[in-house]
Amino acid sequence: MSEATASTTDLLDQVGRRLRARGERLTRPRQAVLLALIDAGHLTVEQVAERVSGRDRSVHLASVYRSLETFSRLGIVQHVHLGHGTTAYHLVSDHGPHAHAQCRVCRGVWDVPAAVLDPAARHLADSSGFRLDPTHAALSGVCATCSVVPE
């Protein structure tokens, strides 16, 4: 068994156990959504549905939405709001939820440690009692490649 196959099997087993502990099952549509997210980066619902459809055409878009919602609640999948109202989903890494940065020029998305926003979170909490969720929305800016001015 290859390392990729073993990690996929481990992921499906882990998610199956977590679902069963809540009295739920790892259904065929849920499994298809998980498989679509493996090594996929940050995908919109439509992109997940397209990948799922490539595996199993009988899985409906509503099942993709419900699966992503369930996995988000369980901390298996993280969603992030990107610019222009787009929401992207990805599997949570072993390091847990994290922040994101998005280039407003090329639309690229980068994972950023949530701790990078700790000073801002502390300041907001101390000054106004506001509790920042650094994993919910992407920071907007311009990446190094796009900030290079052509000569």
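Colleague: Which residues are buried in helix H3, residues 45-55?

Modeller: This is a predicted model, and in its helix H3 the buried residues are Val-45, Val-48, Ala-49 and Val-52.

Colleague: How should I read that spacing, and where do the buried residues of H3 fall when seen down its axis?

Modeller: The general idea is that an α-helix has 3.6 residues a turn, so residues three or four places apart point the same way. Here, the buried residues of H3 fall within an arc of 100° seen down the helix axis, and they therefore line one face of the helix. The face turned away from that buried side carries the exposed residues Glu-46, Glu-50 and Gly-54, while the cover over the buried residues includes helix H2 (28-37), helix H4 (61-73) and strand E2 (87-91).

Colleague: Which residues touch the most other members of the largest nonpolar core?

Modeller: In soluble globular proteins, nonpolar side chains tend to be buried together. In this model the largest nonpolar core has 24 residues, of which Val-33, Val-48, Val-52, Val-64, Leu-68 and Phe-71 touch the most other members. Helices H1 (3-21), H2, H3 and H4 each supply at least two residues of this core, and H2 gives the most, with six residues. Not counting residues up to four places away in sequence, Phe-71 touches Val-15, Leu-19, Arg-30, Val-33, Leu-34, Ile-76 and Val-77.

Colleague: Is Thr-44 buried or exposed?

Modeller: Burial is judged by relative accessible area, with the cut-off for buried at under 20%. Thr-44, which lies in the loop between H2 and H3, counts as buried because its relative accessibility is 17%. Leaving aside neighbours within four places in sequence, Thr-44 is in contact with Thr-86, Thr-87 and Ala-88.

Definitions and conventions
Residues are numbered from 1 along each chain as its sequence is written. This is a predicted model: local features need pLDDT of at least 70, side-chain atom pairs count only at pLDDT 80 or more; totals for chains, interfaces and linings use all residues. Side-chain values use heavy atoms; hydrogens and water are left out. Buried means under 20% relative accessible area, exposed over 50%, partly exposed in between (1.4 Å probe, protein chains only). Helices (H or I, at least four residues) and strands (E, at least two) are DSSP runs, numbered from the N terminus. The arc is that of the directions from the helix axis to the C-beta atoms. Contact means heavy atoms within 4.5 Å. A nonpolar core is a set of buried Ala, Val, Leu, Ile, Met, Phe, Trp, Tyr and Cys residues joined through side-chain atoms within 4.5 Å.
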